[in-house]
Amino acid sequence: MINIDKLIISFDGALRTLLTPAQTLRSVPGSDLPEAELTDIEKRLSCALMRVNHVGEVCAQALYQGQGLTARNETVQQTLMQAAREETEHLAWTERRIAELGGRKSLLNPLWYGGSFAIGVVAGMLGDKWNLGFLAETEHQVGTHLAGHLQLLPHNDEKSRAIVTQMKIDEASHATMALSHGGAELPLPVKFTMKLGSKVMTQTAYWV
Ligand SMILES: [Fe+2]
Ligand SMILES: [Fe+2]
């Protein structure tokens, strides 16, 4: 049951994600590494890839908030909210790295947030088994995507690589968490549609 408190918390989450700098308890991975000498082309590439990852984290915030809003089981709700807090650190890390590289965040973040929040609400309404299954599949796909970025990032941009590497480890643990709470395997057409959706998002965020 959705109550007014949860709606206020969700609204607060949206404003924090979109308008305020994200906070991190853990230190930013790679913060002790020296800044590499990057060419302009390498810098632009790193910026674009980290912008895509930042958008991914904006979407993660929105999905978790939406799913938490409609999840039926109290434990699942708490787990989702805890995971959303952990994702905030990823948001902070990518945000800081974009700034270090002299880049900018996606101009379409409110749009990504709104769309992902709506998807999260619907996933939550389908029941906890599917809600958690959706979460696990999302995290699997994000993990594959991050592995791809580790191939694409300039080899000497160790600071960005350290962030992406730690995020990949964290996303895998989120997937395990979702499955251990009873997440179901999603039907193939759903997985395919999710891949298609994230492709549109990542390719747009690379530029805008
Ligand atoms: Fe994340
Ligand atoms: Fe995650």
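View 1. Glu-57 is buried, with a relative accessible area of 2%, where buried stands for under 20% relative accessible area, exposed for over 50% and partly exposed for values in between, computed with a 1.4 Å probe on protein chains only. Glu-87 is likewise buried, its relative accessible area being 1%. The iron ion (ligand 1) is coordinated at 2.0 to 2.3 Å by Glu-57 (OE), Glu-57 (OE), Glu-87 (OE), His-90 (ND1) and Glu-171 (OE); donors are N, O and S atoms within 2.8 Å of the metal (3.2 Å for Na, K and Ca), and sites may look incomplete because water is not among the atoms. Glu-57 in helix 2 (residues 40-70) and Glu-87 in helix 3 (residues 74-100) are 30 residues apart, and the pair links distant parts of the chain; helices (H or I, at least four residues) and strands (E, at least two) are DSSP runs numbered from the N terminus.

The model is predicted, so that local features need pLDDT of at least 70 and side-chain atom pairs count only at pLDDT 80 or more, whereas totals for chains, interfaces and linings use all residues. Residues are numbered from 1 along each chain as its sequence is written, chains are lettered from A and ligands numbered from 1 in the order in which they are written, and side-chain values use heavy atoms, with hydrogens and water left out.

View 2. The iron ion (ligand 1) lies 3.8 Å from the iron ion (ligand 2), and Glu-87 coordinates both. Along the sequence, the donor residues of the iron ion (ligand 1) follow the spacing E-x29-E-x2-H-x80-E.

**View 3. The salt bridge between Arg-26 and Glu-89.** The side chains of Arg-26 and Glu-89 meet in a salt bridge at 2.5 Å, N to O, the term denoting a side-chain nitrogen of Lys or Arg within 4 Å of a carboxyl oxygen of Asp or Glu. Because Arg-26 lies in the loop between helix 1 and helix 2 while Glu-89 lies in helix 3, the pair ties together parts that are 63 residues apart in sequence. Arg-26 is partly exposed, at a relative accessible area of 33%, whereas Glu-89 counts as buried at 9%. A search of the whole structure finds eight salt bridges.

View 4. Arg-97 forms a salt bridge with Glu-35, whose closest N and O atoms are 2.9 Å apart. Arg-97 belongs to helix 3 and Glu-35 to the loop between helix 1 and helix 2, so this contact ties together parts that are 62 residues apart in sequence. Arg-97 counts as buried at 1% relative accessibility, while Glu-35 is partly exposed at 43%. Glu-35, Arg-97, Glu-100 and Asp-157 are linked in a network of salt bridges.

**View 5. Helix 1 and model confidence.** Leu-7 is placed in helix 1 (residues 4-19) and is partly exposed, with a relative accessible area of 41%. The chain averages a pLDDT of 89, and 99% of the residues score at least 70, pLDDT being the predictor's confidence in each residue, from 0 to 100. Within the chain, confidence is lowest in helix 1, at a mean of 78, and highest in helix 6 (residues 158-180), at 94.
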